[in-house]
Amino acid sequence: MSIFNYINEAKLPTFWCSGCGHGVIIKALADAFDQLELALNEIVVVTGIGCFGRSDDYFMTNALHTLHGRAIAYATGVKLANPELTVVALMGDGDAASIGGNHLIHAARRNLGILALCANNRNYGMTGGQYSPTSQFGDRSSTSRYGLPESSFDLSALVQAAGASFVARTTVFHYKNLVKYLKKGINKGGFAFVEVMEPCPTMYGKFNQLGSAGDMVQQIRDEVVPVSRWKPGSDKSPIGILCERDMQEYCRAYDDVIRKAGGFDGD
Ligand SMILES: Cc1ncc(C[n+]2csc(CCOP(=O)(O)OP(=O)(O)O)c2C)c(N)n1
């Protein structure tokens with residue numbers, strides 16, 4: 001097989017700016033689909049709004065392009081309607097953690113069996129580089145010209161605390177690990193969250209004078225450390241599989257409720 005069974009070649013090159021990490025991430029997802037030999041009609045890619053929200057354009061699978069911050073809400077409906085589907089919600093950090101933050105934590109708490117993938121470029125790329133909940137204290141953005149007076153969410157820690165059954169963080173620099181975590185997340189059968197650190201040279205990089213896209217990828221690589229070597233209090237972020245646990249998946253638990261209640265009318 002080939003990743004071009006999953007990627008719509010006719011749409012390439014992507015509309016994203018040069019140096020953006022989004023293209024690397026969708027290639028990794030197509031690689032994961034390919035290595036798992038998933039059929040196109042078994043997969044539903046659900047997106048919200050934002051630069052990364054355009055990802056569904058490039059997939060040959062089923063796709064649902066929804067509202068800003070609501071990818072997980074729609075993915076919940078798709079998964080409950082047909083639990084056999086592989087449902088993947090693709091979100092930027094604004095989509096996932098700002099307007100969509102409540103949906104994210106509650107889907108994790110319910111252990112809904114989807115893969116939620118957050119492309120974390122630490123800002124709202126599409127709308128002009130406003131700060132997001134993953135921008136760092138002191139960051140400059142179009143809405144924090146003098147430095148951000150807020151701390152950021154550690155998204156992976158947040159989702160882990162909310163109850164997800166699989167959480168992994170990596171970067172676009174660590175491509176093979178990214179594909180590995182996406183495959184594991186898809187196969188997990190519970191709420192799986194993969195956070196990918198990536199550059200937005202056009203907005204975040206420009207406002208914070210971080211140099212070229214290549215410079216930014218190297219900075220992102222240097223900001224992280226494998227979780228096996230990470231110590232609390234470190235100024236680096238842990239990457240790797242941060243949490244893996246087995247719990248009953250939401251659709252299965254919901255089926256039990258339906259059975260106990262006597263089934264659907266007319267069953
Ligand atoms: C309800 C609603 N509020 C705000 C917007 C404007 N808006 C569109 S995309 C976006 C943020 C995108 O940032 P992110 O999700 O981080 O994705 P990126 O563009 O960085 O890939 C915002 C605020 C919208 N489309 N709908």
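## The largest pocket

Let's start with open space: the largest pocket of this predicted model holds about 330 Å³. Its lining is made up of 19 residues, and those closest to the centre are Arg 122, Gln 136, Ser 152, Arg 169 and Ser 237. Two elements, β8 (192-197) and β10 (237-244), each give two or more residues to this lining.

What classes of residue line the largest pocket? The lining has seven charged, six polar and six nonpolar residues.

## Arg 122, a residue with positive phi

Most residues other than glycine have a negative phi. Arg 122 is not a glycine, yet its phi is positive, at about 65°. You will find Arg 122 in the loop between β4 (115-120) and β5 (123-124).

## Helices α1 and α6

Two packed helices can be described by the angle between their axes and by the distance between those axes. For helix α1 (residues 22-35) and helix α6 (residues 175-188), the angle is about 55° and the axes are 9 Å apart. The crossing of α1 past α6 is right-handed.

Which residues of α1 and α6 meet? On the α1 side they are Val 24, Ile 25, Lys 27, Ala 28, Leu 29, Asp 31, Ala 32, Phe 33 and Gln 35. On the α6 side they are Tyr 175, Leu 178, Val 179, Leu 182, Lys 183 and Ile 186. Sorted by class, the contact of α1 with α6 has eleven nonpolar, three charged and one polar.

## Helices α4 and α5

Helix α4 (residues 101-110) and helix α5 (residues 155-162) cross at roughly 45°, and their axes come within 7 Å. That angle makes α4 oblique to α5.

From α4, the contact takes in Leu 104, Ile 105, Ala 108 and Arg 109. Their partners in α5 are Leu 155, Leu 158, Val 159 and Ala 162. By class, the contact of α4 with α5 has seven nonpolar residues, one charged and no polar.

One last backbone detail: most peptide bonds are trans. The bond from Leu 12 to Pro 13, however, is cis, with omega near 0°. Pro 13 is placed in the segment before α1.

Key
Residues are numbered from 1 along each chain as its sequence is written. This is a predicted model: local features need pLDDT of at least 70, side-chain atom pairs count only at pLDDT 80 or more; totals for chains, interfaces and linings use all residues. Side-chain values use heavy atoms; hydrogens and water are left out. On a 1 Å grid over the protein atoms alone, a cavity is a set of points where a 1.4 Å probe fits but cannot get out, and a pocket is an open set with protein on both sides within 12 Å along at least five of seven lines; lining residues have an atom within 4 Å of a point. Grid points are joined across faces, edges and corners, and a volume is the space filled by probe spheres set on the points. Helices (H or I, at least four residues) and strands (E, at least two) are DSSP runs, numbered from the N terminus. Ala, Val, Leu, Ile, Met, Phe, Trp, Tyr, Cys and Pro count as nonpolar, Asp, Glu, Lys and Arg as charged, and the others, Gly among them, as polar. Axes are lines fitted to C-alpha atoms, for helices over the stretch in contact, and angles run from 0 to 180 degrees between N-to-C directions. A crossing is left-handed if the near helix is turned anticlockwise from the far one by less than a right angle, and right-handed if clockwise. Contact means heavy atoms within 4.5 Å. Angles under 35 degrees count as roughly parallel, over 145 as roughly antiparallel, 65 to 115 as roughly perpendicular and the rest as oblique.
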